Amino acid sequence: MQHLIQVINPNTSAAMTHTIGEAARSVAAPGTTILATCPTQGVESIEGHFDEAIAAIGVLEQIKHGKAQGAQGHVIACFGDPGLLAARELASGPVVGIAEAAMHMATLVATRFSIVTTLPRTVIIARHLLQQYGFEHHCAALHAIDLPVLALEDGTGLAQMKVRERCIQAKREDGSGAIVLGCGGMANLARELTQELGIPVIDGVTAAVKMVESLVTLGLGTSKYGDLAYPNKKPLSGGFDILS
């Protein structure tokens, strides 16, 4: 069976979109085509609430484009899951955010997990998501490498080294059975770290792709009954008319 799954990088970085797309394709089932996209306008990295608010509009625009190209499901590939519920209103197929996907997966393979993310402020945002998704009691600790998101794409390898160090620290100090990588730009690190540490290291991009694949195969889309029904029809002015 042929499936088309859209993987949306909510920032404007082409390099990160490539990294995310390659990670998604590495786990896609035979017959699944990955459409990796990013907005043409917005922010080049997402590191706070302001960035997420801007990125959410780009996510919605990409959802619309993906639907027009026949995408049967969508992944929001930023660990803040920006615009997730609004995207579910707009989409008919399933929409899964990488933070929610990674946290779900971690609870299936361990009783406790740790999160390794980029900046200290994103630790706070990840903690909000833990509470929102009901995983707060499953998370032993959160760690930041204290480098910006785009350091993962600067070619120096410093950010990757710090992710590895924090993962080793989390295993040693937290007593966690699994580690969640808290940034879409870390998507290509999970497999190697899983082998090195001997515990599941979970990347949300690949986790979300497999979740969306499963939902599409089961014939399950986003419920259009209740609060995730399609948006009420009303005029949109200015630049927002692209979402009409």
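**Exercise 1. Which residues lie nearest the centre of the second largest pocket, and which elements line it?**

Solution. Step 1: in this predicted model, 16 residues line the second largest pocket. Nearest its centre are Val 27, Ala 190, Arg 191, Asp 203 and Thr 206. Step 2: two or more lining residues come from each of helix 1, helix 7, strand 8 (201–203) and helix 8. Step 3: sort the lining by class. It holds 9 nonpolar, 4 polar and 3 charged residues. Step 4: the space in this pocket is about 280 Å³.

**Exercise 2. Which residues of helix 1 are buried, and what covers them?**

Solution. Step 1: locate helix 1. It spans residues 14–27, 14 residues in total. Its end-to-end C-alpha reach is 21 Å, close to the expected 20 Å. Step 2: apply the cut-off for buried, under 20% relative accessible area. Met 16, Thr 17, Thr 19, Ile 20, Gly 21, Ala 23, Ala 24 and Val 27 are buried. Step 3: look at the cover. It includes strand 1 (3–8), strand 2 (32–37), helix 7 (190–197) and helix 8 (204–217).

**Exercise 3. Which helix gives the most to the lining of the largest pocket?**

Solution. Step 1: find the pocket, with a volume of about 490 Å³. Leu 90, Pro 231, Leu 236, Leu 243 and Ser 244 lie nearest its centre. Step 2: compare helices. Helix 2 (49–68) and helix 3 (84–90) each supply at least two lining residues. Helix 2 gives the most, 4 residues.

**Exercise 4. How many cavities of 30 Å³ or more does the structure hold?**

Solution. Step 1: the search finds 1. Step 2: of the 23 residues lining the largest cavity, Ile 46, Cys 78, Phe 79, Gly 80 and Gly 182 are closest to its centre. Step 3: the largest share of that lining, 4 residues, is from helix 5 (residues 120–133).

Terms used: Residues are numbered from 1 along each chain as its sequence is written. This is a predicted model: local features need pLDDT of at least 70, side-chain atom pairs count only at pLDDT 80 or more; totals for chains, interfaces and linings use all residues. Side-chain values use heavy atoms; hydrogens and water are left out. The expected span of a helix is 1.5 Å times one less than its number of residues. Buried means under 20% relative accessible area, exposed over 50%, partly exposed in between (1.4 Å probe, protein chains only). Contact means heavy atoms within 4.5 Å. On a 1 Å grid over the protein atoms alone, a cavity is a set of points where a 1.4 Å probe fits but cannot get out, and a pocket is an open set with protein on both sides within 12 Å along at least five of seven lines; lining residues have an atom within 4 Å of a point. Grid points are joined across faces, edges and corners, and a volume is the space filled by probe spheres set on the points. Ala, Val, Leu, Ile, Met, Phe, Trp, Tyr, Cys and Pro count as nonpolar, Asp, Glu, Lys and Arg as charged, and the others, Gly among them, as polar.
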